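Subject: A structure for you to explore

Hi there,

Here is the structure I promised to pass on to you. Please open it and keep it beside you while you read my notes below.

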Amino acid sequence: MELSRLVCAFLLAACCCCRRAAGVPGEAEQPEPELVEVEVGSTALLKCGPSRSQGNFSHVDWFSVHKEKPTLIFRVRQGQGQSEPGEYQHRLSLQDKGTTLALTHVTPHDERIFLCQGKRPRSQEHRIQLRVYKAPEEPSIQVNPLGISVNSQEPEEVATCVGRNGYPIPQVIWYKNGRPLKEEKNRVHIQSSQIVESSGLYTLQSILKAQLVKEDKDAQFYCELNYRLPSGNHMKESREVTVPVFYPAEKVWLEVEPMGMLKEGDRVEIRCLADGNPPPHFSISKQNLSTKEMEEEITDDNGILVLEPAQKEHSGLYECQGLDLETTASLLSDQQELLVNYVSDVRVSPEAPESQEGSSLTLTCEAESNQALEFQWLREKTGKVLQKGPVLQLHNLKREAGGGYRCIASVPSVPGLNRTQLVNVAIFGSPWMTLKERKMWVKENTVLNLSCEASGHPRPTISWNVDGVASEHDQDPQSILSILNVLVTPELLESGAECVASNSLGKNTTIIFLELDSNRTTGLSTSTISPHARANSTSTEKKLPEPESKGVVIVAVTVCILVLAVLGAVLYFFYKKGKLPCGRSGKQEITLPPSRKSEFVVEVKSDKLPEEMGLLQGSNGDKRAPGDQGEKYIDLRH
């Protein structure tokens, strides 16, 4: 477009010269046209003469000059304007009392010379050069997705920059890492082209071609559009892009994740890395400890060797080999040692310890590791640390000392690396029961699950004195839980149920009393007590009273308290009056009706767990009465 402007100017000047040489009457040397600059879409104000001119503008003709051919577009007569048919018919109007012609909705096609000519009192002619501008859209840039090889012998396409809908054609400048690029033979070439849209606007396309090196793999390229508006010079920049650069590898190496000290059970990834793009084909090998030869390992689809879980056998020397498929060159990494720390073969001696009450027992823990070990002993059911070190001494054993003991072998220098071994200590003794007796509220014709738990060494067996379906569950090597499924009948209500636990050293019993709950509805139903609901002992299988029963109990307790308060007040009154004898000589027996004397028994039982209340002895070799487990009875009948 700049070239066309120069051509037009040259032709215009040549025409003027010819006219002057021919001596055409009335023709004089034309002054430079007045310059008016506007943006596309705005309104151009064309003044017929300088602003200080005092000429008569009541009779003016306006022309547009295109290709040196003037065309009448507007007439002014007696201060009134009239558009001529054509492209400007609906876009022209008069302003400033007829001195200014307004051209609306300016387009690039309006960039030309406009001429106004007056008739009286003398001929007046004024020329206006209209310049039109339009800022291009933000430049878009598209990188070459195929990339560029450093082995290419000529410049390859790096990226393409496009600036749309600008006027006149903007200038493009390419940058690499913030520095402008210039044409350089066999190194940098910039190829630009433009398209004229139907609107008269230009779309510019510029292609950057260059020879790249390995160091350009992270280079940032972008383009800049420079353009002019009536307000001055402006520019717009595209985003930065990076083109893939392909270059052969010079070095390969191994990388292990996670970093730091490894332990058995970890997920370990071994991968090959190279400084080439694209990376070569990798293979990972491990040294055979027997033959000392490197043997290829099986990797996943990404060429990564995954060790999950890592084991001590995975320790050893590894190396990586990279094969460049384009050049067939092979590269070998340095060998790298992988060390998987471990603790194994934790064992306790004796393996199945057993002892008599009152004696002593020594437990010894051993383990293997490639690091220094620390040992500690824990009580299995409490988690309490009993001893630090590989040896645990147990003295003056009681039956409560039976059960699980856990040895923990750990490596302090490798957090989280430890192994454990559980051993069960058995103390010889006759069976002992979790409970001697308990009472249950039941309803007739229901199916009930009764449970009974016993411990001892040798481990006891359990039998029931009533018919039903019994199932046994091992709690630990010395304990057993028996669950009996029975139907509540009048006979069962009368006799109750008894479970007997026995071993070679004796036997023991638990008695279950069944009381009929009159508030419960009759009919066949099932009542199940889960053994897992017990807290460190057998479930008592007590039925919670119904809400109505709770209300009756509260009322009864309240009445009893009031009666006792009244009785206390009466006794205190008689004492003050001297009518109530006190002291040893005045002690009197509290009498009860004969029918009630035999029923007044106070029963004292312990709610402590077996380990807290002592061991319940069996019938053989016990100093207690048979079946006694430590409950005390105070008989107030005599």
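Proline 309 sits in the loop between strand 25 (305-307) and strand 26 (316-323); helices (H or I, at least four residues) and strands (E, at least two) are DSSP runs, numbered from the N terminus. This is a predicted model, in which local features need pLDDT of at least 70 and side-chain atom pairs count only at pLDDT 80 or more, while totals for chains, interfaces and linings use all residues. Residues are numbered from 1 along each chain as its sequence is written, and side-chain values use heavy atoms, leaving out hydrogens and water.

The bond between glutamate 308 and proline 309 is a cis peptide bond, with omega about -5°. Another cis bond runs from histidine 457 to proline 458, where omega is near 5°. Proline 458 belongs to the loop between strand 40 (446-457) and strand 41 (461-464). As background, most residues other than glycine have a negative phi, and most peptide bonds are trans.

**Two lysines with positive phi**

Lysine 67 has a phi near 55°, a positive value in a residue other than glycine. You will find lysine 67 in the loop between strand 3 (59-66) and strand 4 (69-77). With a relative accessible area of 71%, lysine 67 is exposed; exposed means over 50% relative accessible area, buried under 20%, and partly exposed in between (1.4 Å probe, protein chains only). Lysine 292 also has a positive phi, near 65°, and lies in the loop between strand 23 (281-287) and strand 24 (294-296). Its relative accessible area is 53%, so lysine 292 is exposed.

**Salt bridges**

How many salt bridges does a search of the whole structure find? The search finds 20, each being a side-chain nitrogen of Lys or Arg within 4 Å of a carboxyl oxygen of Asp or Glu.

One of them joins glutamate 257 and arginine 271, whose closest N and O atoms are 3.3 Å apart. Glutamate 257 is in strand 20 (residues 252-257) and arginine 271 in strand 22 (residues 268-274), so this pair ties together parts that are 14 residues apart in sequence. Glutamate 257 is partly exposed at 36%, while arginine 271 is buried at 17%.

Glutamate 269 and arginine 267 also meet in a salt bridge, at 2.9 Å from N to O. Here glutamate 269 is buried at 16% and arginine 267 is partly exposed at 42%. These residues belong to a network of salt bridges that links Glu255, Glu257, Arg267, Glu269, Arg271 and Glu308.

Now look at arginine 399, in the loop between strand 35 (391-394) and strand 36 (403-410). Arginine 399 is buried yet has no salt bridge, and the nearest side chain of opposite charge, glutamate 357, is 4.8 Å away. For charge, Lys and Arg count as positive and Asp and Glu as negative, with His and the chain ends not counted. The side chain of arginine 399 does reach the backbone oxygen of serine 430, at 2.3 Å.

Five strands make an open sheet with mixed pairing, in the order 31-37-36-33-34; two strands pair if DSSP finds at least two bridges between them. At the edges are strand 31 (354-355) and strand 34 (385-388), each pairing on one side only. Strand 33 (residues 374-379) pairs with strand 36 in the antiparallel sense over six bridges. Opposite tryptophan 377 stands cysteine 407 in strand 36.

Enjoy exploring!

Best wishes

Terms used
Polar contact = N/O pair within 3.5 Å; in protein donor to acceptor, adjacent residues only side chain to side chain.
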